[in-house]
Amino acid sequence: MDADETAWEQRSVVRVVPPVQPRKLAKVPFVELADGRLQGVVSSGSDIERVYVSSIAAGTHDLSCSTNNNRPCGALHGYACKHIRMLADEAVLQYGLDRVARYLRVEVPEGGHLMSALNGTPQRTPAAVVLSRFLRHLAYLEVPDSTEPLAELHWFPAMGPETGKVG
Ligand SMILES: [Zn+2]
């Protein structure tokens, strides 16, 4: 799209930035309803350097999960792996069950659980698109390695150019 976006996409290593506030975000640092999917990034339970890119497609409810290196998640076969379940839980926390269910076009019975109402099958979805969105999202949590002014950062009063060092 623009030079900025290309630069983000060329970064091959995802840096997992500590959340600004200590919250559940550490487990699921990124979740969004976009591109016809509930999609996001889930931290690996065992390896701090690794993240999983997980998604559930609206309508078909196809499930996808792969690492940041685009390797298929070994735990996703036939049913949702824990990464997709964590993503779904976080999405419900962030957006509310009604909104997530509407977006995915799924009927969740009263008192039911989102994942129980889905019966999609695993499909490969390229991780790169979600990852580039995640990296752009990270740009709002840290001051990027750039001297270009980032207009959106004025939302964060404590993060001026001089005080913006994270960690
Ligand atoms: Zn997985």
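## Report on the fold, helix packing and selected residues

Among contacts in the protein chain between residues at least 6 apart in sequence, 53% join residues at least 24 apart. The model is a predicted one. The protein chain holds 5 helices and 4 strands, and their order along the sequence is α-β-β-β-β-α-α-α-α. Of its 167 residues, 41% count as buried.

**Packing of H2 and H3**

Two packed helices are described by the angle between their axes and the distance between the axes. Helix H2 spans residues 82-95 and helix H3 spans residues 97-104; the two pack at an angle of about 120°, and their axes are 7 Å apart. H2 is therefore oblique to H3. On the H2 side the contact is made by Ala-91, Val-92 and Tyr-95, and on the H3 side by Leu-97, Arg-99 and Val-100. Sorted by class, the contact of H2 with H3 comprises 5 nonpolar residues, no polar residues and 1 charged residue.

Ala-88 is buried because its relative accessible area is 1%, under the 20% cut-off. Leaving aside residues up to four places away in sequence, Ala-88 touches Leu-38, Ile-56, Leu-114 and Met-115. Leu-38 is 50 residues from Ala-88 along the chain, yet the C-alpha atoms of the two are separated by 7.9 Å.

His-83 is another residue that lies in H2. With a relative accessibility of 5%, His-83 counts as buried. Apart from residues up to four places away in sequence, His-83 touches Val-42, Tyr-52, Ser-54, Cys-65 and Cys-73.

**Cysteines**

**Helix H5**

Helix H5 covers residues 127-138, which amounts to 12 residues. From its first C-alpha to its last, H5 reaches 16 Å, close to the 16 Å expected at 1.5 Å a residue. The buried residues in H5 are Ala-127, Val-130, Leu-131, Ser-132, Phe-134, Leu-135 and Leu-138. An α-helix has 3.6 residues a turn, so residues three or four places apart point the same way.

**Positive phi in two loops**

Most residues other than glycine have a negative phi. Asn-70 is not a glycine, but has a positive phi of about 70°. Asn-70 is found in the loop between strand S4 (63-67) and H2. Arg-105, also not a glycine, has a positive phi of about 55°. Arg-105 is found in the loop between H3 and helix H4 (114-117).

**Accessibility of the residues discussed**

The table gathers the relative accessibility of individual residues described in this report.

| Residue | Relative accessibility | Class |
|---|---|---|
| Ala-88 | 1% | buried |
| His-83 | 5% | buried |
| Asn-70 | 38% | partly exposed |
| Arg-105 | 58% | exposed |

How values were computed: Residues are numbered from 1 along each chain as its sequence is written. This is a predicted model: local features need pLDDT of at least 70, side-chain atom pairs count only at pLDDT 80 or more; totals for chains, interfaces and linings use all residues. Side-chain values use heavy atoms; hydrogens and water are left out. Axes are lines fitted to C-alpha atoms, for helices over the stretch in contact, and angles run from 0 to 180 degrees between N-to-C directions. Angles under 35 degrees count as roughly parallel, over 145 as roughly antiparallel, 65 to 115 as roughly perpendicular and the rest as oblique. Contact means heavy atoms within 4.5 Å. Ala, Val, Leu, Ile, Met, Phe, Trp, Tyr, Cys and Pro count as nonpolar, Asp, Glu, Lys and Arg as charged, and the others, Gly among them, as polar. The expected span of a helix is 1.5 Å times one less than its number of residues. Buried means under 20% relative accessible area, exposed over 50%, partly exposed in between (1.4 Å probe, protein chains only).
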